[in-house]
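Here's a quick tour for anyone meeting this structure for the first time. Have a look at the sequence and the 3D view, then read on.

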Amino acid sequence: MDQPATTAESATTAETGRGAGTTGPGPNTPDEHLIREAEKIAVALGRMFPGLCEVVLHDLRDPRHAIRAIENNLSGRRVGDPATELGLARIADPQYPSVIQNYPNRFPDGRPAKSTSIGIKNAAGEYIAALCLNLDVSVLSPVTLALANLVATGTEHRDRPLESLHDRNARELRRTVEALAAERAGTPRSLSREDKKELVRQLHRDGYFGSRDAAQTIADLLGVSRATVYNYTK
């Protein structure tokens with residue numbers, strides 16, 4: 001968003017410092033054609049984010065009346081307002097960075113903004129325009145906070161889930177038992193008694209005993225009785 005230039009004198013200084021290759025603001029020049037194309041982009045971007053992102057096209061060939069187009073106006077500026085500090089810096093120095101990305105800014109009423117300024121050069125390497133995007137982050141901050149609160153979970157149950165929301169069917173249970181056995185460098189039936197006991201206890205902690213046939217399925221996989229499986233959970 002870049003605050004507007006404060007004096008006509010600074011605009012005059014920048015204007016007179018333009019290089020000799022400037023083609024001027026004539027209606028049929030290559031520079032004018034380039035700016036007209038940039039104006040289409042400004043309008044399209046602004047209309048894509050109504051109420052959220054202001055898009056301003058500055059015509060740097062006329063720093064006293066630089067604002068060529070302003071779409072989704074959030075700053076209260078008008079077409080014909082003067083160039084900003086960034087615009088004057090680009091006029092004075094062709095080596096000025098062409099893109100200033102995501103810098104903090106503020107609207108006149110105090111709302112925080114995130115801005116990006118894109119300089120546009122002509123064939124002679126002079127800055128003739130700048131496309132600026134000013135995102136009203138004050139609108140997004142409450143939404144971000146609300147989403148963070150919405151997805152937050154309590155800290156007291158992070159070690160293990162209280163429940164599972166998917167079906168603990170036999171196929172999944174078999175895969176889980178085989179994976180846990182593999183972590184212990186064996187197959188379900190080849191595990192030692194202590195490893196089988198720890199495996200069963202882990203399945204119990206993770207909620208795999210919720211279905212009616214889970215204990216029998218685990219018993220078949222481990223090669224033990226159903227009663228033994230229940231004893232392992234204690």
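## Strand β1 and its partners

Four bridges tie β1 to strand β2 (residues 67-71), and the two run antiparallel. Over in β5, Cys132 is the bridge partner of Val56.

So how covered is β1 (residues 53-59)? Seven of its seven residues are buried. In a regular strand, side chains alternate between the two faces of the sheet. Here both faces are covered: one side has Cys53, Val55, Leu57 and Asp59, the other has Glu54, Val56 and His58, and all of them are buried.

Nonpolar side chains tend to be buried together in soluble globular proteins. The largest nonpolar core in this model has 18 residues, and Leu199, Leu203 and Ile218 touch the most other members. The elements giving two or more residues to this core are α5 (170-183), α6 (193-205), α7 (214-222) and α8 (226-232). α7 gives the most, with six residues.

Which residues does Leu199 contact, leaving aside neighbours within four places in sequence? They are Val177, Leu180, Ala181, Arg184, Leu191 and Leu222. Apart from this core lies another, of 12 residues, including Ala69, Ile128, Ala129 and Leu135.

## How confident is the model?

Keep in mind that this is a predicted model. The chain's average pLDDT is 82, and 80% of the residues score at least 70. Residues 3-22 stay under 50, and for that stretch the model has 38 contacts beyond four places in sequence.

Conventions
Residues are numbered from 1 along each chain as its sequence is written. Side-chain values use heavy atoms; hydrogens and water are left out. Buried means under 20% relative accessible area, exposed over 50%, partly exposed in between (1.4 Å probe, protein chains only). Two strands pair if DSSP finds at least two bridges between them. pLDDT is the predictor's confidence in each residue, from 0 to 100. Contact means heavy atoms within 4.5 Å. A nonpolar core is a set of buried Ala, Val, Leu, Ile, Met, Phe, Trp, Tyr and Cys residues joined through side-chain atoms within 4.5 Å.
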